[in-house]
Every structure is written in C-alpha cells, then in structure tokens.
Amino acid sequence: MSELAEPKRTRGRPRKTEDERDDGNRRQALISAAAQLFHRKGYDATSTREIAALVGMQPGSPFYHFGNKQDLLLAVMVEGMKQASQRQEAACAGLPDDLPPREQLRALIRNQFDVLLGPDSDFIPVMLYEWRSLNAEQRHTITQIKDDYEAAWTPVLQALHASGQLQAPVQLARLMIFGALNWAVQWYQAPAPTTQKRSPRASLDELTDAALALFLRDPT
C-alpha cells in the first residue's frame, strides 16, 4: 500500500481565515458606530455595550479590537483626521495651478465645512467635543495629525497676506480661521423649510462666502 503524499506547503504567510479577514471590517464598524454615538450622546454617556449593540456584536467584542473605550475614542479621531486629509487632498488636487489664492482659500473653507457638516460628519465633531477625554500621549498624536492637515493652508494664507487681503499674521490667522469654522458644529442647521428652527439655514456654499468675506479684504 503506497503512502499518502503530504500536502504541499505554501510559501509566505498562511491564508487568513474568514474570521480573520473580517476583523478589519468589524474594527471599522466599531469605529463608525462609536463616532455616531459619541457625537449624539457624548463620550461619557456612551457605553461600549451600546457601541457593540449598534453593530450587532457581543458586549465584550470591542475589547478584542481596542484596549479600552479611550483607545476607541482615539481611533475615532484618527479616522476622522484621515478622512479629512484625504478629502482635502482630493479637493486641492482638482484645482487649477493658476487659481488665485483667494479661490484656493475658498476651496479649502468649503471642504472644511463639508468635513464638519456634510454627510458622514460624526468624526471631526467628536474630536472637537471630546478632546479633553484623551490622555496626554493621545492628544499629542492627534495634534501632530491635525498640524499636518492645517499645514496645507499656510502657503495660501501667506500669499493672501503678501497681497494685503489677509492683514493678520499668518499663524494667528490660521488658528482663528479654524476656530471660527469649527465652531459651526455648535450652531449650524442645514436648510429645512418644513421646520421652524431659529438657527441659520444657510447652505454650505453660503457659509463659505460669508467666511471668506469675514476673513479677507477685497482685492485691490
């Protein structure tokens, strides 16, 4: 009787099981669910049990992917800044090379409002609201990512300052512009004719025009 041949060994890493392949999707689902609940209810008022339930997982499942709720909060903020950076890069990549600095700033502001107030806009408001819930090391991580994101604005603001349209010092202007734009998450309501809310009902394009008029002088 002949001996059975041993199965051939494949080179490289073993193939991932179906559960292992799904780990990344589950982790991403937890991050998205956490962003929604942290934004809607606040970090302190949201439990990991609620986050797990929103994506149909067992109560202890988040701890397979994250050490604790604070680590999940950090992941939400990192994901938010990653998405914001990708959207900003795409917005800038589509601009003509000879576009005047004023119109470049318009594009940056419009994209920022979309990041803050447009579809899937849970992530960045969580970062703005829940910053103090991070520890010092985590805040340092987010600060580095945020600084890289905001650095794209500096050459545009420098050009506007050189032309006299931006009168404030560039670095102070950048901080104040972001402060003003980001505050919109506190008060903005999208246009909704069927409601009688008192909040401003401007479109994001109208917000962009108003912000540009507030920050810059008319070109001479």
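**Note on an all-helix predicted model**

1. Of the contacts in the chain with a separation of 6 or more, 68% join residues 24 or more positions apart; contact here means heavy atoms within 4.5 Å. The model is predicted, so local features need pLDDT of at least 70 and side-chain atom pairs count only at pLDDT 80 or more, while totals for chains, interfaces and linings use all residues. Residues are numbered from 1 along each chain as its sequence is written, and side-chain values use heavy atoms, with hydrogens and water left out.

2. The secondary structure consists of 11 helices and zero strands, giving the pattern α-α-α-α-α-α-α-α-α-α-α along the sequence. Helices (H or I, at least four residues) and strands (E, at least two) are DSSP runs, numbered from the N terminus.

3. The chain has 220 residues, of which 37% are buried. Buried denotes under 20% relative accessible area, exposed over 50%, and partly exposed the range in between (1.4 Å probe, protein chains only).

4. Apart from residues up to four places away in sequence, Phe 113 touches Gly 118, Leu 181, Ala 184, Leu 204, Leu 207, Thr 208 and Ala 211.

5. Arg 174 lies in helix α9 (residues 170-182) and is buried, with a relative accessible area of 14%. Its side chain makes polar contacts with the side chains of Glu 150 (2.3 Å) and Gln 171 (3.1 Å). A polar contact is a pair of N or O atoms within 3.5 Å; within protein, one must be able to donate a hydrogen and the other to accept it, and residues adjacent in sequence count only if both atoms are side-chain atoms. Beyond its neighbours within four places in sequence, Arg 174 is in contact with Glu 150, Thr 154 and Leu 157.

6. The largest pocket holds about 330 Å³ of space. It is lined by 18 residues, and the closest to its centre are Leu 128, Lys 146, Glu 150, Phe 178 and Asn 182. On a 1 Å grid over the protein atoms alone, a pocket is an open set of points with protein on both sides within 12 Å along at least five of seven lines, whereas a cavity is a set where a 1.4 Å probe fits but cannot get out; lining residues have an atom within 4 Å of a point. Grid points are joined across faces, edges and corners, and a volume is the space filled by probe spheres set on the points.

7. Asn 182 is also found in helix α9 and counts as buried at 17% relative accessibility. Residues up to four places away in sequence aside, Asn 182 touches Gln 112, Leu 116 and Leu 128.

8. One cavity of 30 Å³ or more is found in the whole structure. The largest cavity has a volume of about 50 Å³, and helix α4 supplies the largest share of its lining, four residues.
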